[in-house]
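Please examine the sequence and the structure before reading on.

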Amino acid sequence: MTTPGSVGVVTPRHADFDAPLVLKSGGVLPAYRLVYETYGKLNAARNNAVLICHALSGSHHVAGTYADTPRSSGWWDNLVGPGKPLDTDKFFVIGVNNLGGCHGSTGPSSTNPETGKPWGSAFPFVTVEDWVETQARLADELGIECFAAVVGGSLGGMQALQWTLTYPDRVRHAAVIAAAPKLTAQNIAFNE
């Protein structure tokens with residue numbers, strides 16, 4: 001059953017990239033996969049796309065439900081859909097599972113092509129800059145030159161902010177929620 005204002009039943013998609021990705025850490029991924037979902041329709045001008053960047057514990061499943069799990073509402077289902085703040089009657093909304101995530105994008109449980117075994121703890125260190133680079137490559141695949149907005153909270157907000165720094169000509173608006181341009185010494189220690 002679909003609730004009013006819901007995008008309804010959604011199906012994750014994936015994009016495979018064969019071009020090597022040189023990471024900020026110096027590591028290289030020879031190829032990788034990104035899992036993503038889209039909601040709404042990309043207009044003819046391709047200027048109505050909104051990228052939603054997820055926080056540390058989020059995923060690509062921003063809105064809607066899965067057919068086999070009706071109670072599987074996306075984590076921002078209250079904000080994305082017809083008549084909602086991110087109105088899918090107007091915007092083409094994209095949610096991407098970050099590289100290294102646990103929801104289908106290439107990460108520690110993926111096969112390391114050099115060993116034929118899961119990457120595990122050998123998976124290279126990835127940064128916000130790396131996630132933005134992979135999101136930009138996905139945008140290229142989808143034919144999106146410039147986002148109407150990039151939106152995110154917490155770690156997702158850091159990605160939205162990084163978009164404005166790395167690709168200022170590809171973002172018309174950014175909503176940076178509960179994030180900062182730098183970390184405190186305590187947060188850096190937690191990360192280490």
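## Strand pairing and salt bridges

Phe17 stands opposite Tyr32 in strand E4. The model is predicted, so local features need pLDDT of at least 70 and side-chain atom pairs count only at pLDDT 80 or more, while totals for chains, interfaces and linings use all residues. Residues are numbered from 1 along each chain as its sequence is written, and side-chain values use heavy atoms, with hydrogens and water left out.

Helices (H or I, at least four residues) and strands (E, at least two) are DSSP runs, numbered from the N terminus. Two strands pair if DSSP finds at least two bridges between them. Strand E1 (residues 13-17) runs antiparallel to E4 and is joined to E4 by five bridges. Four bridges connect E4 with strand E6 (residues 92-96), also in antiparallel fashion, and here Tyr39 stands opposite Val93. In E4 (residues 32-39), seven of the eight residues are buried (under 20% relative accessible area; exposed is over 50%, partly exposed in between, with a 1.4 Å probe and protein chains only).

A salt bridge requires a side-chain nitrogen of Lys or Arg within 4 Å of a carboxyl oxygen of Asp or Glu. The count comes to three.

| Salt bridge | Closest N and O atoms |
|---|---|
| Asp16 and Arg33 | 2.7 Å |
| Glu133 and Arg137 | 3.3 Å |
| Asp140 and Arg170 | 2.8 Å |

Asp140 in helix H1 and Arg170, in the loop between helix H2 (155-166) and strand E8 (174-177), are 30 residues apart. Arg170 is buried, at 13% relative accessible area. Glu133 and Arg137 lie four residues apart in helix H1 (residues 128-141), separated by about one helical turn.
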